[in-house]
Amino acid sequence: MSTIKKLLTGLEKKYVVNTILSPIAMIGEVVMEVVIPFIMARIIDVGIAGSDLPYVIRWGLTMIALAIVSLVCGVLGSVFSTYAAQGFGYTLRKRLYDKIQTFSFANIDKFSSASLITRLTTDVNMAQNVYRMLIHMCVRSPFMMIAGTIMAFSINPSMAILFLIAIPVIAIGIIIISSLAYPRFEKMMKKFDVMNGAIQENLIGIRIVKAYVRQPYEEEKFRKAAEDVKKAQTHAEKLIIFMMPLMQLVMYIAMIAVMWFGGRQVVFGTMQSGELISFFTYVSQVLMSMMMLGMVFVSLVMVQASNHRIVEVLDEVPDIADAHNPLMQVSDGSIRFENVNFSYNKREENCVLKDINIDIPSGSVVGIIGGTGSSKTSLVSLLPRLYDVFSGKVMLGGHDVRDYDIKVLRDSVAMVLQKNVLFSGTIKENLKWGNENASDEQIIAACKAADADSFVSSFPEGYETELGQGGVNVSGGQKQRLCIARALLKNPKVLILDDSTSAVDTATESRIRTALKDIAPDTTKIIIAQRISSVKDADMIIVLDDGCVSGIGKHEELLESNKIYKEVFDSQQQGSGDADLS
């Protein structure tokens, strides 16, 4: 019950009303369907048997009117249930999507992107379809069974017992099959996750796949994932497929028994022909309703796995949340790392950042350099609380970042990540992610600072140029510059450039660094780079080695005092032949 309550939470009033109206309309349809066979029996046994034409016409017209009412009720019931189910699916998807937006990277890593997509699509679709079936059938079928059984007993109690024997047989079969089917459907949904993961990975990395001519390998990987889904689905559904013939066999045996014994009673005169026809109709209605209830029950078993997966997401507690009374303003861009340790899996023995102590004055230009895997990105990810520290404190503007409202904090920290992401839409729409109220003049100024205005202006449609999904129709360097411009439009207290000029030449990078000093003089700028030329003019350079601070100082100081920095400098100087680098 708690699962159902969680799934229905937030359902709008109009969808609740339709959920109630659908079974009411179905009851109206059932009443008409139950009355019609009774009238038909009277027409045969009284009107036709007595050659009473007015009686036949009068009750015949009544039957037609009841059939029309039944049709209208059936159509309304279907319309109401469809509208209610669509609203349920919409509400559930929106709740899931909104919940995912509150997740930290750690929460997303726990489920995986592919699994979350499956839950938002396949699992919600299954829940929506079963919801429609429930409100459409779960009142109609029991009501029809009860009404049909009462009418059958009123006609011939001894014969009614015959078909009642079939009901427990069908019920036992449904329970056994359903109990065996649930774990199979749960396994099937996990295979869907794996297949969606393979598709997602392939589409994201399609350029690499083609560059390395790995299409056959990827095709085989997808074929295997699809084959696993097929096998799991077949393994699960063959039990359900077996149930329908079982129920039909029992139903047909019951009908044959009714025809045999009823026919004998008609022959011996203990039962009238009209009564047998209406009795047979009631038996068919009761057994068919039993079959429909069986299918609803099986569907409920099938959807349990999907419901569980949906509720898992809804119940997930975001790893990062606002403080009780959060601060709503960041005063400046001063930064302090105080005895910071950080672990992705929240285990002390697996810390990727260890005993970090750094003080950065507001408005400073800070360079961070270190080898691959030295946790440079992990360090700066703690500032906007993409992750939280394992121990210690990260302070911004004199306060622990955990004390701020998350939106306020992230609006104050702009990040240009290693992997630059643009979205479908125009260049201007993408840039306005930084500031949705930015004027054209502000957009152009930011693009000029990022050295992006020149190539944007060269496009026929300029800032209204449509970008493909992920910005596929601009180069890597152009994408980086647009992402820097987008970050500048936030007018942040802290600007983090995480290796974000790696795809541009040194001259362009130099122009960007110079422009950043002019356009954002009070902003603290953190530059993560592989090239020493990118950070050598910084007010402070931090050298990281295996998650620890190896050295802090200016370029000249580190050349004298830090072995790692000097080795990197020497290797780059020799590689470039640049004697004037220092």
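Is F88 buried or exposed in this predicted model? With a relative accessible area of 4%, F88 is buried, because values under 20% fall in that class.

**View 1. F88 and Y131 form a stacked aromatic pair.** A search of the whole structure finds nine aromatic pairs, and in the one shown here the rings of F88 and Y131 lie 4.3 Å apart, centre to centre, with 15° between their planes. The pair links distant parts of the chain, since F88 belongs to helix 3 (residues 53-101) and Y131 to helix 5 (residues 113-137), 43 residues apart. Y131 also counts as buried, at 10% relative accessibility.

**View 2. F342 and Y344 form an edge-to-face pair.** The ring centres of F342 and Y344 are 4.7 Å apart and their planes stand at 75°, so the pair is classed as edge-to-face. F342 is buried, with a relative accessible area of 1%, whereas Y344 counts as partly exposed, at 40% relative accessibility. Ring pairs join F342 and Y344 with Y387 in a cluster.

**View 3. Strand 1 and strand 2 run antiparallel and are joined by five bridges.** Strand 1 covers residues 335-342, and the bridge partner of F337 is I358, which lies in strand 2. In general, the strands of a sheet pair through backbone hydrogen bonds, either parallel or antiparallel.

Key
Residues numbered from 1 in each chain as written. Predicted model: local features only at pLDDT ≥ 70, side-chain atom pairs only at ≥ 80, totals over all residues. Heavy atoms only, no water. Pairing = 2+ DSSP bridges. Helix = DSSP H or I, 4+ residues; strand = E, 2+ residues; numbered from the N terminus. Phe/Tyr/Trp six-rings, centres within 6.5 Å; stacked < 30°, edge-to-face > 60°. Buried < 20%, exposed > 50% of the residue type's maximum accessible area, 1.4 Å probe, protein only.
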